[in-house]
Amino acid sequence: MLKNYNATRIACYIGYITQAITINLAPLFFIIFQDRYEVSFSRIGQLVLITFIIQLLVDLVCIWLVEKIGYRNLAVAAHVFAAVGLVLLGILPHMMQNAYAGILISVFFYSIGGGLTEVIISPLVDSLPSDAKASSMSLLHSFYSWGQCLVVLVTTLVLFVIGQEHWMILPVFWALIPAADAVLFCLVPIPVAKIAEKAQHSIRDLFRSGMFYVCIILMVCGGASEQTMSQWASLFAEKAIGVSKVVGDLLGPCLFAILMGLGRTAHGILGQKLKMAPALFGCAALSVLCYVMTVFSASPVLALIGCALCGLGVSLMWPGVLSLSSAKFPWAGGPMFAMLALAGDLGCSLGPWISGIVSDATESGKIAVFTGIAGEAEQLAMKNGMLVSALFPLVMFVLLTVFLVKGKQKKTNP
């Protein structure tokens, strides 16, 4: 048994890399699923929706069970589910007559792992000894971004070398990381007593605070803002912008992940010097501009820049709201993180799903195309779906504007 909490922190960091694998690997195969298995835009959107709905249900169950089952048991189980799901993703689609069903079964398993991971990792890191909780949270979430970058970079380059027909090798390869971390979580120390101290109040106390409802809405908008661009970026770059898969993946989702990681790492270094509410306000504004730039730009280069810069815009949304909530409700512990993860997953589900539905509806002529968007039918469909998703960072921007104005009024009015 390892005795140093640094080992626990490393296991948590790897846990967020696992989370990045389970969320971002499948979207890199969307174009393969569409071409090889004839999966429609709406069904691709359903894959994202199902991924996060399963995680959402896991979050919901863990609100009441996380303190009873134990963090070590849940951590090990999370990584086992993730590893099994990834292996199945590499096996089932080309073995089953209904490839889409095989993909869904795989998604079911690794999404359970992803849901457990996000419920337990944040309160674990929050309970570890540290003088800068907010920066620790951003640094933790930066490993999700660097994991996403690693997944996109390695997967894209390997697919380019071995060919898309051999894509099934990659999920099995990536399954090695959660398998190794499952073993590590069996060995590291878990600060059970410190976590228990943070769960002294009931869940009802949280719902008596109006600020908690604000945090819930911010998490929904943050999850949708991040995952819509992240999940659709690869397919969007190739189909809507018109660049090759390698160029689109490297300059779209990969650069998106790099800038998201840089934003979170910068906050991890700056620590308490960065005021979170104004920083989130700036992130929401930048995200709105990036969505609009990606959709309306006639230049592929500018559209890719908008896609990539959105990574910086969304970088602090998820960890920032968690940090605000932890500071506001320091007694809430694991149940609060589970509820916030549930809200974030709801946003992660709604954003990409709505984008897929709007894209299909546009392509079939059920809804009109927004004026000012250039492109052919399929391009217009995807751009329409992406533009609708800009509403999520816009709502976040408006909500934070009201929050900051009220904050200033309280300071000026004794």
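**Close-up views of a predicted model**

**View 1. Lining of the second largest cavity.** The largest share of this cavity's lining, four residues, is contributed by α3. The model is predicted, and the second largest cavity in it has a volume of about 80 Å³. Its lining is made up of 14 residues; Ala-26, Leu-47, Thr-51, Tyr-110 and Gln-231 are those that lie nearest its centre. Two or more lining residues come from each of α1, α2, α3 and α5 (99-127). Sorted by class, the lining of the second largest cavity holds 11 nonpolar and three polar residues, with no charged residues.

**View 2. The largest cavity.** Four cavities of 30 Å³ or more are found when the whole structure is searched. The largest cavity contains about 110 Å³ of space. Its lining consists of Tyr-16, Gln-19, Ile-23, Phe-52, Glu-118, His-141, Tyr-144, Glu-226, Gln-227, Arg-264, Trp-318 and Cys-348. The elements that give two or more residues to this lining are α1 (5-24), α6 (133-162) and α11 (210-241).

**View 3. Residue classes around the largest cavity.** By class, six residues of the lining of the largest cavity are nonpolar, three are polar and three are charged. Glu-118, Glu-226 and Arg-264 are the charged residues of the lining. Helix α1 gives the most to the lining of the largest cavity, with three residues.

View 4. Helix α2 spans residues 30-37, and its buried residues are Phe-30, Ile-31, Ile-32, Phe-33 and Gln-34.

**View 5. Nonpolar surface patch and Trp-64.** A nonpolar patch on the surface is formed by Ile-53, Leu-57, Leu-60, Val-61, Trp-64, Leu-65 and Ile-69. Together these residues have about 610 Å² of accessible area. Trp-64, a member of the patch, is found in helix α3, which covers residues 41-69. The relative accessible area of Trp-64 is 53%, so Trp-64 is exposed; the cut-off for exposed is over 50%. Helix α3 also gives four residues to the lining of the second largest cavity.

Definitions and conventions: Residues numbered from 1 in each chain as written. Predicted model: local features only at pLDDT ≥ 70, side-chain atom pairs only at ≥ 80, totals over all residues. Heavy atoms only, no water. Patch = residues over 30% accessible without salt bridge, like charges linked within 9 Å, V, L, I, M, F, W, Y side chains within 5 Å. Areas by Shrake-Rupley, 256 points an atom, 1.4 Å probe, with all protein chains shown as cover. Salt bridge = Lys/Arg side-chain N within 4 Å of Asp/Glu carboxyl O. Buried < 20%, exposed > 50% of the residue type's maximum accessible area, 1.4 Å probe, protein only. 1 Å grid on protein atoms, 1.4 Å probe; cavity = no way out; pocket = protein on both sides within 12 Å on 5 of 7 lines; lining within 4 Å. Points joined across faces, edges and corners; volume = space filled by probe spheres on them.
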